[in-house]
Amino acid sequence: MAPQRPAGSPLDKAGLGLKFLGISVLAGVLVAGMALPAIGALGLTAKDTAESFDNVPTDFKAPTLSQASFIYDAKGGLIAKVFDRDRTILTQEQMAPIMRQAQVDIEDARFYEHGAIDLKGVLRAIGKNAESGEATQGASTLTQQYVKNVNVELAGEDKDAFREATKKSLGRKIQELKIAIKLEEDLTKDQILTNYLNITFYGHQAYGVESAANRYFSKSAKDLTIAEAATLAGLVQNPTAYDPLLHPKATQTRRDTVIGKLLENKHITEAQAKEAIATPLNLKYKEPLNGCITAQAGMGFFCDYVRHVVKQDPAFGKSATDRQRLWSQGGLKIYTTIDPEKQAAAYKAVTTKVYPTDSVAAAATMIKPGTGEILAMAQSRPYGIDSKQNQTVINLNADAAMGGGNGFSPGSTFKPILAAAALESGIPITQEYPSQYEIDYPKMTQCSGTWNEKGVKLKNESTSESGPYALKEAMARSVNTYFVQMEADMGLCAVKQMADKLGIKNLASGKPLMEVPSMVLGTQEVSPMVMANAYATFAARGKYCAPIAVKSVVNTAGTQLPVPQANCNQVISETTADGINTLLLGVTEKGTASSLTLDDRRQIAGKTGTTDERYAAWFTGYTPELSTSVWLGGPTVNVSMKSIKIGPTWFSSGVYGATGPGPIWQMAMSQALEGTPKSTFQTVNIPDPQPKPDPSATASPPSGDAAAANGGLIGGNFSLPPGIIGGNGNGAGGNGGNGNGGGRH
């Protein structure tokens with residue numbers, strides 16, 4: 001342990017006495033610690049100096065130092081270390097004594113003997129500077145240097161404050177001295193040294209001695225050797241000039257100087273000094289890996305989502321400034337909802353079926369029904385900023401406000417939302433509509449007003465799709481004209497209100513959902529996470545929970561911080577949800593998704609969706625325990641998925657929800673649910689419709705998801721009203737696209 005200075009020594013009293021002698025010109029020179037031959041060069045008078053001293057605030061509290069935060073998965077595994085400044089705060093006991101002594105000996109050898117100012121050092125500096133006639137030597141004590149570091153830390157990203165904290169001026173020196181005097185009254189020397197070692201910069205983004213030890217020697221500060229401690233201590237004076245990677249010879253020379261100081265002050269023996277000097281630098285440098293780019297198993301996008309949650313959710317601060325400060329200061333342990341096994345399953349599925357080099361991309365989100373917990377968030381393109389490596393930082397699973405893009409048209413996966421509104425309003429689950437092959441868009445009521453597109457046609461996928469149909473068969477076949485006729489009966493307002501209840505409050509871009517006739521055909525862009533969560537509400541028998549990514553957050557004091565809540569509510573009746581689940585079981589058992597069975601043959605429900613021109617394809621499906629939405633399409637521009645190779649598969653007849661995203665969903669869900677208990681849905685009885693005669697021996701052959709999958713049920717080609725989202729049937733809007741198209745199966 002380093003010696004404490006003797007109480008009441010003449011130098012100690014002289015140092016403290018300076019706060020009363022600040023008006024003297026000589027004291028002005030001394031406190032300045034500046035290498036100037038005469039104070040006259042500053043143009044300062046004794047009165048100026050005294051007033052500057054008096055104006056310094058008497059209270060100075062060191063801020064909470066910014067340090068690294070750690071993000072963990074649901075089982076405690078580390079996802080990523082994130083920081084504005086890479087720092088880990090240590091106690092005195094967690095630092096090697098030789099490290100503490102080396103820093104003192106090279107920067108302020110009399111630290112334990114003097115007060116806030118070292119009179120001997122100042123006089124020596126004045127003499128040297130007077131001899132040279134210029135500023136060649138300073139005399140700031142370690143305490144004063146600590147104060148300067150704190151001011152730099154307080155400045156943060158404020159460039160003006162940083163310049164003020166680092167400018168060479170007598171006024172700043174006086175302010176630093178007064179604060180230093182106060183600190184010497186309130187803290188012990190050991191406390192000041194510990195604070196200094198935690199705050200100071202060692203180069204290469206290493207703030208504090210723990211980060212420096214990890215950066216250059218891949219070890220903790222408590223385990224540093226004499227040579228290693230001397231290397232780090234020598235960096236502080238000029239981390240650039242003594243950069244061990246760029247200037248190893250200069251670094252070693254500086255290190256040996258520190259070793260010489262340790263020997264001179266009798267803190268090591270001659271033998272130890274000789275051995276340390278003979279030791280090579282022996283760097284074991286670790287690049288400062290910061291942020292979500294370091295996350296494994298494709299968790300970078302979820303990590304980035306967590307960052308957006310902390311910066312945007314009021315649970316973490318009333319204002320954006322408060323939340324940014326919390327994130328920047330760091331020191332947080334953030335425990336999230338992500339399930340590593342389910343994440344691995346989703347990531348393997350999207351990257352196996354779709355390659356990063358493909359012109360299209362895939363994204364998948366898994367949510368636990370009844371909780372809102374996001375269990376997986378994966379996409380086929382890796383997280384990063386190198387476009388040559390097909391990397392992206394756009395989270396294709398999320399809305400734009402949360403780091404995503406402008407979303408994708410969900411096609412026929414939107415139809416169950418209308419069905420839920422209909423059942424909730426009392427329309428029977430056996431409801432029939434004429435469902436002709438081709439119809440004009442009917443007039444529809446809105447929340448305020450009406451929408452009328454006279455003469456705009458809507459067609460089903462083939463001429464064989466001509467009703468009447470009841471809801472069960474219409475959902476299984478995904479018959480467009482059926483759902484538009486139901487939409488006309490319900491009104492657009494009811495559809496929008498149901499979407500809002502299920503969490504689709506806005507488009508992925510943040511714009512409001514438009515009340516247009518093509519709404520039910522899924523022409524407006526949303527994100528996979530929103531769709532997964534809407535279907536999770538069906539799985540939870542009508543209980544909606546806001547999606548959550550964070551379970552708990554602990555700060556540096558060990559205090560639990562408030563976190564966003566799922567705020568679960570029953571938004572539709574259990575009977576309505578059971579009805580939707582029964583209808584969507586029909587889709588997977590006898591409809592457009594009948595090819596998508598899981599490995600263990602458990603009961604599944606879901607809906608396919610494919611937009612016009614095959615610009616986007618979806619499958620959103622679920623069990624009572626897990627809801628997963630998979631999207632496939634162009635990530636930034638529309639890509640027509642006709643006659644295209646995606647991953648290892650060639651799609652000669654084009655991509656549909658059952659053939660493109662469906663197998664991704666199937667693979668991900670099979671692995672994610674492997675070994676878990678099987679459960680079944682609560683269903684309702686829906687009488688099968690009466691058999692219909694073959695409409696025509698010369699009818700067009702079926703196509704679409706079901707045709708591509710098993711020659712079964714089908715529906716979906718149409719033209720959309722011009723002048724609205726989806727107008728003129730120009731295809732689904734991709735990320736940032738025009739919002740056109742939608743409605744195939």
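Tyr622 has a relative accessibility of 0% and therefore counts as buried, a label for values under 20% relative accessible area, with exposed over 50% and partly exposed in between (1.4 Å probe, protein chains only). Phe681, at 9% relative accessibility, is buried too. The model is predicted, so local features need pLDDT of at least 70 and side-chain atom pairs count only at pLDDT 80 or more, while totals for chains, interfaces and linings use all residues. Residues are numbered from 1 along each chain as its sequence is written, and side-chain values use heavy atoms, with hydrogens and water left out.

Now to the rings. Rings of Phe, Tyr and Trp (its six-membered ring) pair if their centres lie within 6.5 Å; planes under 30 degrees apart count as stacked, over 60 as edge-to-face and the rest as tilted. By this rule there are 12 aromatic pairs. One of them is stacked: Phe408 and Trp631, at 3.8 Å centre to centre with 20° between the planes. Phe408 sits in the loop between β5 (373-379) and α17 (415-425), and Trp631 in strand β18 (residues 627-633), so the pair links parts of the chain 223 residues apart (helices, H or I, at least four residues, and strands, E, at least two, are DSSP runs numbered from the N terminus). Both Phe408 and Trp631 are buried.

The rings of Tyr622 and Phe681 are edge-to-face, because their centres lie 5.5 Å apart and their planes meet at 85°. This pair also links distant parts of the chain, 59 residues apart: Tyr622 belongs to strand β17 (residues 616-622), and Phe681 to the loop between α23 (661-672) and α24 (705-710). Ring pairs join Tyr622 and Phe681 with Tyr535 and Phe538 in a cluster.
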